[in-house]
Amino acid sequence: MDLRKWFCPAKPLPSADSDTPATTTSSTVSESRAGLSSDASTGQPPASTDLTVTNVNAAIEQQSKNPPSQRTAVDDIGTDSPVQIVLKQYPVTVYSGKGRSFVDKWFHGREWLEYSVKADAAFCFCCRMFSITRKSGTLDAFASVGYRNWKHAMAKDRGFHKHENSKDHMSCYAMWKEREMRRKTGNEVSTLINADQLRKNRYYVSSLIDVVGFLVENQLPLRGKIDAFDDMSEGGSGLFLSMLFYTIQKDPELANVVKTIPRNATYTCHDMQNELIKTLSSVVTEAIVEEVGDSFYTLKVDGTRDPTGCENISIVLRFVNESYEVTERLLCIATAQKGDAQTLTDTVLTELNKVGLDSSKILSQVYDGAALMSGKRGGVQKILQDRLGREIPYVHCLNHQLHLVVVHAMSAETALLDFFEVCDSLYKFCRKPTVAMHYKGEHLKRLLTQRWTGHLATVSVILKSFNDIKAILTDADTVLNYGAETRMEATGLLREISEPSFMFLANLTHRVLSLLDPPNKLLQREDTDLLTGLCVVASATACVKKLRCDDEFKQMLDTATPTSESLRPGPKRRRIESTRMDGYIVTEPTGGHRGDDDFETELRRLYYNTIDSVVGELERRFSERNSQLASALAALNPEADNFLDVKAVKHILDLSQTIMIDAEFEVAKEFLMSQKQAMQGDWTIQHIISTYHNHLIAMPSVLAAFKHALTFGASTAMCENSFSTLKNVFSEHRRTMLHERKARLVQLAFEKDLTRKCTSEWKDRVLRRFSSNTRRLQLF
């Protein structure tokens, strides 16, 4: 059997398998609903076969697998079970001058009722899924367009009461319950068709899921120019079909299974790829929501524009999971029509409500320092607090603040700006092809305006490979083969690095940036909380302060002087200052020769001004404006003198409206201090909560305080890491994908540990989710 010919469809697949809703032709509907009389290759018995269940039960199961073609366009209501969304405030509709809205109490006693945020309407789950006839009136509203007449919703002869007492609703409700009973007992469609064919269908679709999971996990493209095996060359059928074909060749069982799959149900077109990606993404999102559970979480948001101009908003959640481990998850990559703070806030809250997360569980918010996010009156952090009606502390990303410290402090002196301009010129000079082939030292790093770590890397290379840099500049200055322009550039750079101040500033900047590098790296880790971040930054600040002394200056000057002296050009003709300047205060250069004392005085001034500038910026930016929060976090530090002080910790518990019990804190402090004396070593909040959480369960307010302390985030590093994944997914040759597909691919690639579970332990869940829609291949 030629597998390539088998995969090439004779005509396009019907729109029933498309990623977007489309009108199904009458022939397709009739074929779909006549599944019991289909060909034996589909795994279903012919019409003449005696079934082991009644026709009524068969019709119930068939309707559950083949819901009506007329569907609502709303996508935030249930597919497997009703979605009952509880909001603090539902949208208000004005009736006769009086505002009315949906009420969450209406869910009580009505398990069939569900609410759509997008449509602001109520739906009946069982009527949507099982009703075939479409009448005008109440049933049509509950089953397709949605019911929005809130004024008469609870009337005895209208609204909910009329609908749930109708014959059509009771029939659909009975079918729904029958299907649920079948699922619980395992007596599903497998009683109607051959069990062996079901196994083959699942094996085939499972192989498709494995291929998609592998490609999205590794940020690889799926599609080529065509959706068939006609062209296996580069850019032809794409990696999805190529890898599937390779898998079929290597897996004899899959090769045999493929022969039983009808050609109109291969599920290899790009629409079905979108379906599989959507299924994987929905399972991953649900897993994240389940992992968050009832825990309080920190909201992290950052945005970036892709090459098409679309604003991508990364929403990351930080929380303590059931195993008492700090976890950060990428919830989604959203997009907003506008770039103002109101729209961004609406987008974030909509995404939280869409997946069923409670916005009242937001404990803190971490953004960058842009006015759009941090504005005290119109920023996202302020609007979010006003919307939810409570205090939600805003934390300015500590990584961004460290970057601003370096940028502002290093730009305070003109000599420092000139120094980095020389470093950038050295980087560009050594990249020239004629120079790079002769340069033997370590490659210089590019200076990054967004990341000061590039400055540290460049200075480190200059100090390590200074002799190699000097050799290539000297060689280029004297050898005619380099060309006039290169020789002139080499002459200027050689003179610049020969100045005594160059090596001095190189040592100074390297020393300061090296002290700030550890907190920068620590803040990018997922398990770093706000208290730890502030403590490490404070330690780095203390180290920088220690540099402000004559001993450190002398040591740095002695290190830089020998190298500079060996490069300094020979002395020029000595210039004698005019005697006419005697008795005057000279404020400008007169052309006279400066002595060594003048150089040392200038370097001393540069040294102390730079240290003072860095320390000043650190203290200004990291002296917590919310001193109450900082004090509360400090009181949870096991090394603090006021460890578990009730008055200090109370502020954190007030943020979550947790009742504080003083006696629990007294007992917890006594217990933990006794354990600390018995076990030597460094104690942290993470160590306490992971080791003694079983003991602290008896003291819930203390346990809640420790969990809150770990929940407070320190940086938006995870958001920026997701942008790196976005750049890899939305590459130059993949710009035609829509935002929905792009966002799902980024989430699946970023949360690869959850994506791997979709192809292993969660495989059955994925298959059931995929088969919940109308499928030609029966899976269960």
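Predicted model: local features only at pLDDT ≥ 70, side-chain atom pairs only at ≥ 80, totals over all residues.

Start with helix H16, residues 414-430, and helix H21, residues 500-523. Their axes come within 10 Å and cross at roughly 95°. Parallel or perpendicular? Angles of 65 to 115 degrees count as roughly perpendicular, so H16 and H21 are roughly perpendicular to each other.

Which residues make the contact? From H16, we have Ala415, Leu416, Phe419, Phe420, Val422 and Leu426. From H21, we have Phe502, Leu505, Ala506 and Thr509. Sort the residues of this contact by type: nine are nonpolar, one is polar and none is charged.

Next, helix H22, residues 530-546. H22 has 17 residues. From first C-alpha to last, H22 reaches 25 Å, close to the 24 Å expected at 1.5 Å a residue. Look at the start of H22: a side-chain oxygen of Asp529 reaches to within 3.1 Å of the backbone nitrogen of Leu531. Which residues in H22 are buried? Leu530, Leu531, Gly533, Leu534, Val537, Ala540, Thr541 and Val544 are. One reminder about helices in general: an α-helix has 3.6 residues a turn, so residues three or four places apart point the same way.

Last stop, Arg621, in helix H24, residues 596-622. Is Arg621 buried or exposed? Buried means under 20% relative accessible area. Arg621 has 15% relative accessibility, so Arg621 counts as buried. What is Arg621 in contact with, leaving aside neighbours within four places in sequence? Gln401, Leu404, Val405 and His408.

Methods. Residues numbered from 1 in each chain as written. Heavy atoms only, no water. Helix = DSSP H or I, 4+ residues; strand = E, 2+ residues; numbered from the N terminus. Expected span 1.5 Å × (residues − 1). Buried < 20%, exposed > 50% of the residue type's maximum accessible area, 1.4 Å probe, protein only. Polar contact = N/O pair within 3.5 Å; in protein donor to acceptor, adjacent residues only side chain to side chain. Axes fitted to C-alpha atoms, helices over the stretch in contact; angles between N-to-C directions. Parallel < 35°, antiparallel > 145°, perpendicular 65-115°, else oblique. Contact = heavy atoms within 4.5 Å. Nonpolar A, V, L, I, M, F, W, Y, C, P; charged D, E, K, R; others polar.
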